[in-house]
Amino acid sequence: MLADQNSAPETLPPAFSFIENEPVFDPVRHLALEAPQQILTLEDFGYSTKEAAQFASPIAATSPVRMLSDEGLATAQEVLKLLQPRVVTHDNGASTDGRRNIYYGQYQSRFLRDLMSCTEVIQFLSDIFQTPIAPHTMPHLGCQINFANAKQGGSIIGWHHDIVGFTVVLTMHDPSTIEGGHLMYYKGPRDEGERILNTGQELPEDKVVVSNRAPMGYCTIIQGSAVLHAVQPVQNDAFRCSIVNAYVSRDVTAPDANRGYPVQDYFPGVPMYPVYNEMARHAAWLAKAKLGSILESGVWIEDRGKLVAELSAAVDDVQRCIDQLKAGGIDDEAYEEGRIAEDERQMTAPLFERGSQ
Ligand SMILES: [Fe+2]
């Protein structure tokens, strides 16, 4: 059984609003989806068959793919201009590195919401990942826009894997004008890359792939939870901007790769704090699918222990969410500890299949 397709909240959180007078997204005029020339699997990245099964899709990454038509690109740029008053800067709270972002894109722009969630894009991405996907259930992770230039200094974001299943990074700057600033990924298992980095070494150059040299309107598509990636520091004063959209797997067989981000004071300038509510919705969405698969499977199990294990597995995401909600906002250090534990859980938890417990 697949989880529901309509995973995002239907109403905006209090105090959020869409920008006014923005152009209406039209998939016919604004999209120019082109199939990727190259698709790399998790096996190509060195994941074993057993490890790959812990992820929702067998696919790791694609070569850059065209997403927007010329008109779509011009229209998206118009939307970005309208959104400028909503750009926030990380200059206090949990993060003070001066990064500039727009968070909660789905709550701020109908155009961005409709672009990331339209049927054509969802089908396109589901075909690439060979599994049904949906727009992210937790909009604090679902659509964010990153701006950068050299004045901010340093790397935009260092090596990490995402806390969402699937990631689409849409280039909105002209890559020929910037020095650095390109998205890179490590063509190897995420744990292997992290182990190398943890010893203070650089990742081997022959396994670092630089993407996003594609023109504006193209995107890099990765299974962000499985692919270690980073953005090179921008070296000149050129404009860099990417729209980062995230997706979840509707097939809930593999352990959940999505984690809420309850780091205290992380999101600057938001009118209220929707993170906890979104985490609760996500857990409920997962459990609904898992409990539904028990209801609908028609498998008879006599063993009480097996039934207990199965029900426990079906509501495990809910229990973990309850524990997280009880803990409330955490600091970076606690988050990092939890992330490592969650990574471990994702790679070792049994798959959820009716009758398999
Ligand atoms: Fe990322």
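## Strand pairing in an open sheet

Two strands pair if DSSP finds at least two bridges between them. The model described here is predicted. In this model, 3 bridges join strand β10 (residues 183-186) to β11, and the two strands run antiparallel. Within this pair, M184 stands opposite V210 in β11.

The pair belongs to an open sheet of 4 strands, in the order β8-β13-β10-β11, with antiparallel pairing. Strands β8 (157-160) and β11 (208-210) stand at the edges; each has a single partner strand, so one side of each is left without a neighbour in the sheet. On average, neighbouring strands of this sheet are turned by 20° against each other, direction ignored.

## Helix α3 and its two faces

Helix α3 covers residues 70-83 and has 14 residues. From its first C-alpha to its last it reaches 20 Å, close to the 20 Å expected at 1.5 Å a residue. The buried residues of α3 are G72, L73, T75, A76 and V79. Seen down the axis of α3, these buried residues fall within an arc of 165°, so they line one face of the helix.

Which elements do the buried residues of α3 pack against? They pack against α1 (27-30) and α5 (110-117). The face of α3 turned away from its buried side carries the exposed residues D70 and K81.

## Tyrosine 218 in strand β12

Y218 lies in strand β12, which covers residues 218-222. Is Y218 buried or exposed? Y218 has 22 other C-beta atoms within 10 Å; a residue is buried if 20 or more lie within that distance, and therefore Y218 is classed as buried.

Leaving aside its neighbours within four places in sequence, Y218 is in contact with P64, V65, R66, M67 and T171. By comparison along the chain, Y218 and L228 are 10 residues apart, and their C-alpha atoms are separated by 20 Å.

## The largest nonpolar core

In soluble globular proteins, nonpolar side chains tend to be buried together. The largest nonpolar core of this model has 75 residues. Among its members, A60, L125 and C219 touch the most other members.

Conventions. Residues are numbered from 1 along each chain as its sequence is written. This is a predicted model: local features need pLDDT of at least 70, side-chain atom pairs count only at pLDDT 80 or more; totals for chains, interfaces and linings use all residues. A residue is buried if 20 or more other C-beta atoms lie within 10 Å of its own, exposed if 12 or fewer, and partly exposed in between; C-beta atoms are placed from the backbone. Two residues are in contact if their C-beta atoms, placed from the backbone, lie within 7 Å. The expected span of a helix is 1.5 Å times one less than its number of residues. The arc is that of the directions from the helix axis to the C-beta atoms. Axes are lines fitted to C-alpha atoms, for helices over the stretch in contact, and angles run from 0 to 180 degrees between N-to-C directions. A nonpolar core is a set of buried Ala, Val, Leu, Ile, Met, Phe, Trp, Tyr and Cys residues joined through C-beta atoms within 7 Å.
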